[in-house]
Amino acid sequence: MSDTDGLLKIDKLHKRFRLSSDGWFGAKGQVVNAINDVSLEITKGESFCLVGESGCGKSTLARTVMGLETTSAGSIHYMGERIDNMSDAARLPYRQRMQMIFQNPYASLNPRMTISQTLEEPLRFHRPDLSDTQVRDKVVEVMESVGNNTSWLSRFPHEFSGGQRQRISIARALMVDPEFVVADEPISALDVSIQAQVLNVMMDARDHRDLTYLFITHDLSVVEHFGTRVAVMYLGVVCELAETKTLFASPRHPYTQLLLSAIPKMDGSEMTHDRMHGEVPSAMNLPTGCVFHGRCPHAKDVCKTDIPTLRQVAGRQVACHFAEDTG
Amino acid sequence: MNKIRLFLGSDFIYRFRQDRAAQGSFTLFVLFVLFAFAAPLISPFDPYDRLQIDLMDSELPPLWQGENADARFLLGTDAQGRDMLSTILYGTRISLIIGFCAVGLQIFLGVSIGLISGYVGGRIDSFFMRLADIQLSLSTLMIAIIASAVFKASFGSEIYGDMAILVLVLVIGIAEWPQYARTVRASVLAERSKEYVDAARVIGLPRWRIMFRHVLPNTLSPILVISTVQIANAIISEAALSFLGLGMPVNKPSLGSLISSGFEFIFSGSWWITVIPSLVLVVLILSINLLGDWLRDVLNPRLYKD
Amino acid sequence: MALLEIKNLEVQFPLGRKTLQAIHGLSFDLDKGERLGIVGESGAGKSVAAFSILKLIARPGRISGGEVIFDGQDLALLSQEEMRHIRGNRISMIFQDPMMTLNPVLTVGTQMTECLKAHRDISDSDAKRIAIDKLAEVKIPSPQERFGNYPHQLSGGMRQRVVIAIALLTDPAVIIADEPTTALDVTIQAEIMGLMLDLCRDHGVALMLITHDLAVVSQVTQKICVLYAGRLAEQGPTRTLIAAPKHPYTRGLVKALPQQNVPGTRLYQIPGSMPTLDDVPPGCAFNPRCSFADDRCRREVPEPRQIGTHLVACHHAETVAAA
């Protein structure tokens, strides 16, 4: 990949959380390694998916990219500009170019603000030059583009269902005409019949507004549908990174294979219950060597001692010592 | 108008209409407030006006108490010959003013400190919360007694008499801010981790704006609930201080100092000087507390949901 | 005769000035060893249905009509005391959050033996032996050790396994599982679901699986009930219900799954959202979202009727099936 089309570049990112209050009398706590040496590059126009189970660091990564968390080491560049150590003031223009959609539609809208207040706020803040009419026109335009009724504007969030709120959240993110949108599990809290609606709205926005997505999810069936490229994360590291088609056609990392096998098939077959795959270790004391070795059917001694790095195998990047043999 | 109609149609009003105790205590409380603040207009005498007081009228019993009663004094008179009804009305006014203002001060201090503590966190949070711990480990009354005794000693009774209301408001207000600070801090911590705050941060809004525009409005219902209890507490604290002689002076009596002033006459048969203001105080506190209980039930999010 | 028979169940929640009807005339039955899926969105009434079977419905909700017949007995007529002999003994329940079942201050072993001794007259050592057997059965490694653990010492998946072991303790005839894997990670979810399937088959236990996930239900159950706004939309054998749905709502649910769409294209979507209980439209509750709806649908509530192997509550079921 050349530098010219790279939109977001994450380089050797680490994030550690200290589990203690930082007050005067707080107890010393343990350290959680949420992200360990993750490097990713997202190109313009992609729908880049980040998949993994809870606690794998995917949401932390999204929040770090958006500046909601600080980094512990490593760097994040946006269009060649380093953004992770910027001051709030210097970062402001990037806040307009990068936006975020959240997981929980019941918590992501301020319950005391009307829908129009919620939508107008980002625009008025970033574009104080706009007149009231211009702001209102923009609100109407965005609301209609995500399929929302403009009669909702004077109402409060509690009057809406989860799917409607999520579409309002999407509208808020689109108000400032961002180029890059981070979506942190935007459909996992929604009912099945609503998930398709929200995915469609997001895909329409991508097509009409030329958006680049970083889409965080635990649901691989959505990835296959929505994503152009996928990174699979496990315990803070990227295990496999590939084009969506390649990954679904022939997963190489044993963890990716396990994830894929967990998608329920709808072909009338019954669930097959093979062996137990063990439990996800705690991020507080990571296993030595490959983080997946405890649950891996292919694990050998080397996996317990040496950390595998991402390397090019069969048209994708895999972090596994035996990636050649797992296909 | 639309907002008023919406409010009248809301669940809140519906539940109010369903609850007799709430209606009763609300009516009572409103009556207290109305009568107390209209005292200069409706009371038959002005107890602060020495010209209207005649020592010859002292310790007259209430109207229904036999021959000695005087038709001018419905509830009798106190030891100085002041009309009890007027004195109680004026006294209730002073008690309520002190209660409201002290709680206003508590809210101002507590909410600001709680908001900053909760939102900024870190050392500032630790500092204020330890301060709150220390202050809560001393009783309000103790702090208030020390403060007013020191004030009285250093400025003399004369000045104290003039400034008593201000001193009481300050003392009670400052003594009880931790209640608010803790409540607000807890709800700020809960609200701060919600995604709408993250959304505001992603937009790039400055901290103070997120604090006041997004977080603060969502912490208001617990403030409303504890405010009722706090007003009741403030009135009680004032009454207790006055009863101990550290509150309102006898020439400007609050309910507490009235009760106190009549206490020495209770065994000489003039029970009304103490008992009537005591009853007023009890009913006032009861109505506020009942109203507070009801508010807490209605605003309790667990019951309010669905 | 069916093991568990629900006939015209009606559940109401008086709420402030209005009474919400959470369940309208719901009927279904469960045979011995049968696996039934109850599918619906949040608020469709699926959990309420399960809770009312066990008379665990939270106040002020109440069963306002219908019968729940278990093993020939009408559960509605039983006292709470008699209900206790059924609940957790003949009918077990598994909740979404394992901590709803597990007491955090007691060890796994204590909770299991207590449960056993509440329903059986057996010695401590026998209770312990059975408990450890059950822990082994749910594939918990080193069950002897886990027996002495507190719930917080176990991972989420392990806790749910313990809950399943507790549900199996008294060899129940029916297990009601309310979203048992929703709180778990995807890979663990598949394991737990597979485990439950195996156990129910091996022990001949009937399973009532309540979930919003059509894909999971399709792999575990033999029969599915789809609920919408408190009413039955469609009921039928799993295979044909997924392959050839006859209710427009079921059809929409199946077609909207990403697995059923060509990657990268717009997904099939059902417009709108399910009405809340206080806002159900007249006629068929689904009519505002339905492309088949006509005047009759806006006027008349469709009663469930038998079409082939399915029970469908739709005026246009034949057209839908052909479409």
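Student: Which residues of α3(C) are buried?

Tutor: This is a predicted model, in which local features need pLDDT of at least 70, side-chain atom pairs count only at pLDDT 80 or more, and totals for chains, interfaces and linings use all residues. Residues are numbered from 1 along each chain as its sequence is written, while chains are lettered from A and ligands numbered from 1 in the order in which they are written. A residue is buried if 20 or more other C-beta atoms, placed from the backbone, lie within 10 Å of its own, exposed if 12 or fewer, and partly exposed in between. In α3(C) the buried residues are Val108(C), Gly109(C), Gln111(C), Met112(C), Thr113(C), Cys115(C) and Leu116(C). Their cover includes α4 (124-137), α5 (143-146) and α6 (156-168) of chain C.

Student: What is the reach of helix α3 of chain C from its first C-alpha to its last?

Tutor: Helices (H or I, at least four residues) and strands (E, at least two) are DSSP runs, numbered from the N terminus. The expected span of a helix is 1.5 Å times one less than its number of residues. Helix α3(C), residues 108-119, has 12 residues and reaches 17 Å, close to the expected 16 Å. As for confidence, pLDDT is the predictor's own score for each residue, from 0 to 100; chain C has a mean of 90, and 100% of its residues reach 70 or more. The model scores ipTM 0.87 and pTM 0.84.

Student: Is Pro271(C) buried or exposed?

Tutor: Pro271(C) counts as exposed because it has 12 C-beta neighbours inside 10 Å. Pro271(C) lies in the loop between α10 (248-256) and α11 (295-299) of chain C.

Student: What is the strand order of the open sheet of 8 strands in chain A?

Tutor: Strands of a sheet pair through backbone hydrogen bonds, either parallel or antiparallel. Two strands are taken as paired if DSSP finds at least two bridges between them. The order in chain A is β6-β7-β8-β3-β9-β10-β12-β11, with mixed pairing. The edges are β6 (98-101) and β11 (311-313) of chain A, each with a single partner strand, so one side of each is left without a neighbour in the sheet.

Student: How many bridges join β7 to β8 in chain A?

Tutor: Strand β7 (residues 180-184) and strand β8 (residues 212-217) of chain A run parallel and are joined by 5 bridges. Here Val182(A) stands opposite Leu214(A). For an antiparallel case, take strands β1 (residues 6-18) and β2 (residues 31-43) of chain A, paired over 9 bridges, where Gly6(A) has Thr43(A) as its bridge partner. Strand β1(A) is also joined by 5 antiparallel bridges to β4 (residues 73-78) of chain A, in which Ser75(A) is the partner of Asp11(A).

Student: How many residues of chain A are in contact with chain C?

Tutor: Two residues are in contact if their C-beta atoms, placed from the backbone, lie within 7 Å. By that rule, 35 residues of chain A are in contact with 43 residues of chain C. On the chain A side, α6(A) gives the most, with 8 residues.

Student: How many residues does chain A give to the contact with chain B?

Tutor: That contact takes 22 residues from chain A and 17 residues from chain B. On the chain A side, α3(A) gives the most, with 3 residues.
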